[in-house]
Amino acid sequence: MPSWDIDCDMPDLTGKVAIVTGGNTGLGLEIVRHLALHNAKVYMASRTESRALAAISKLQSDHPELKQKAGIVWLKLDLCDLQSCRNAAREVLEKEGESGRLDILINNAGVMATPYELTKDGVENQFQANFLGHFAFTVPLLPLLIKTSKDPKSSVRLVQVSSMGHNFASRASGGIKFDTLDSVNRKYSNAYVRYGQSKLANVLFAKALAKRLKDERIFSSALHPGNIRTELNRGTLESYPWARPIIAMIEWGLITPYKGAITPLYAATSPEIESNNLRGEYFIPYAKKTAPSKLAQDDKLADDLWTLAEKLVAEKTTA
């Protein structure tokens with residue numbers, strides 16, 4: 001049984017502002033639900049307006065009390081378009097204004113084991129959707145997060161939803177390198193190795209953020225939320241259509257989005273994170289701190305990833 005309970009242990013978030021990427025479906029939708037029910041203003045960051053508005057309408061229908069709370073706002077974000085990511089960050093800064101704040105950023109959106117493809121920016125699609133787009137979105141928001149952290153009533157959180165699949169990166173022939181675009185665009189023979197590479201990047205990003213924000217009241221973490229019954233297996237079925245009967249059987253044993261939301265919401269809201277000074281940590285269900293893979297603890301790899309990400313975003317976007 002989970003030792004941390006959403007309904008009993010999650011604190012009141014009145015006055016706080018949160019962003020959840022991929023918030024219109026699956027795990028992200030469940031995270032948005034509980035942040036909003038606990039009185040946060042929530043930006044639901046996703047690509048398609050119609051799907052986001054339908055999701056918000058469904059949440060308000062399920063929970064009529066939400067109409068009296070701080071609210072849920074759609075934010076256009078296409079992670080496979082780096083300029084869209086920069087534009088979304090700019091929109092948040094404009095909407096929040098001089099007196100605005102940002103207490104919680106949960107980078108949740110992602111894809112899994114999709115067929116090999118390059119985005120319009122020329123980057124392998126899983127690497128961009130799961131990591132690089134989030135990097136481009138997050139970095140411009142750091143000044144607002146830092147400003148918010150000066151409020152003694154806040155405890156700012158940066159959460160990267162990774163996966164136990166980050167371990168698949170260890171199967172990469174020739175090892176994982178984050179030194180050039182070519183190094184992340186390798187095809188490999190297995191879509192799950194590319195997935196593992198992107199999810200490793202999530203964990204390293206959390207580590208790199210913790211290092212750069214060590215003097216701020218900002219607590220960065222990464223996590224595996226559990227194996228959840230969501231739309232995530234679409235990519236697997238596109239890459240391996242023959243696996244449909246196997247996936248159908250596996251899905252019977254997957255956990256619900258509610259249970260999947262426990263660990264992200266713990267990392268994003270629990271007072272224990274600050275009281276125990278948990279920075280750059282990795283969590284697994286349910287709300288348990290553990291060590292990630294050996295690759296995910298590599299400081300040089302984290303620094304190389306940051307340097308490459310900065311270079312790619314600078315080359316492919318305008319401020």
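In the predicted model, strand S4 (residues 104–107) pairs with strand S5 in the parallel sense, over four bridges. Within this pairing, Leu 105 stands opposite Leu 158 of S5. Strand S5 also runs parallel to strand S6 (residues 218–223), to which six bridges join it. Here Val 156 is placed opposite Ile 218 of S6.

Strand S5 spans residues 156–161, and six of its six residues are buried. In a regular strand the side chains alternate between the two faces of the sheet. In S5 both faces are covered: Val 156, Leu 158 and Gln 160 are buried on one side, and Arg 157, Val 159 and Val 161 are buried on the other.

The structure holds 11 aromatic pairs. One of them joins Phe 135 and Trp 306, whose ring centres are 5.0 Å apart and whose planes meet at 80°, so the pair is edge-to-face. This pair links distant parts of the chain, as Phe 135 belongs to helix H5 (residues 125–138) and Trp 306 to helix H14 (residues 299–316), 171 residues apart. Phe 135 counts as buried because its relative accessibility is 2%; Trp 306, at 9%, also counts as buried.

The rings of Tyr 192 and Tyr 195 have centres 6.4 Å apart and planes at 85°, so this pair is likewise edge-to-face. Both residues lie in helix H8 (residues 191–212), three residues apart, about one turn of the helix. Tyr 195 is buried, with a relative accessible area of 4%.

The charged end of Arg 212 sits over the ring of Trp 306, at 4.1 Å from the ring centre.

Technical notes. Residues numbered from 1 in each chain as written. Predicted model: local features only at pLDDT ≥ 70, side-chain atom pairs only at ≥ 80, totals over all residues. Heavy atoms only, no water. Buried < 20%, exposed > 50% of the residue type's maximum accessible area, 1.4 Å probe, protein only. Helix = DSSP H or I, 4+ residues; strand = E, 2+ residues; numbered from the N terminus. Pairing = 2+ DSSP bridges. Phe/Tyr/Trp six-rings, centres within 6.5 Å; stacked < 30°, edge-to-face > 60°. Lys NZ or Arg CZ within 6 Å of the ring centre and 35° of its normal.
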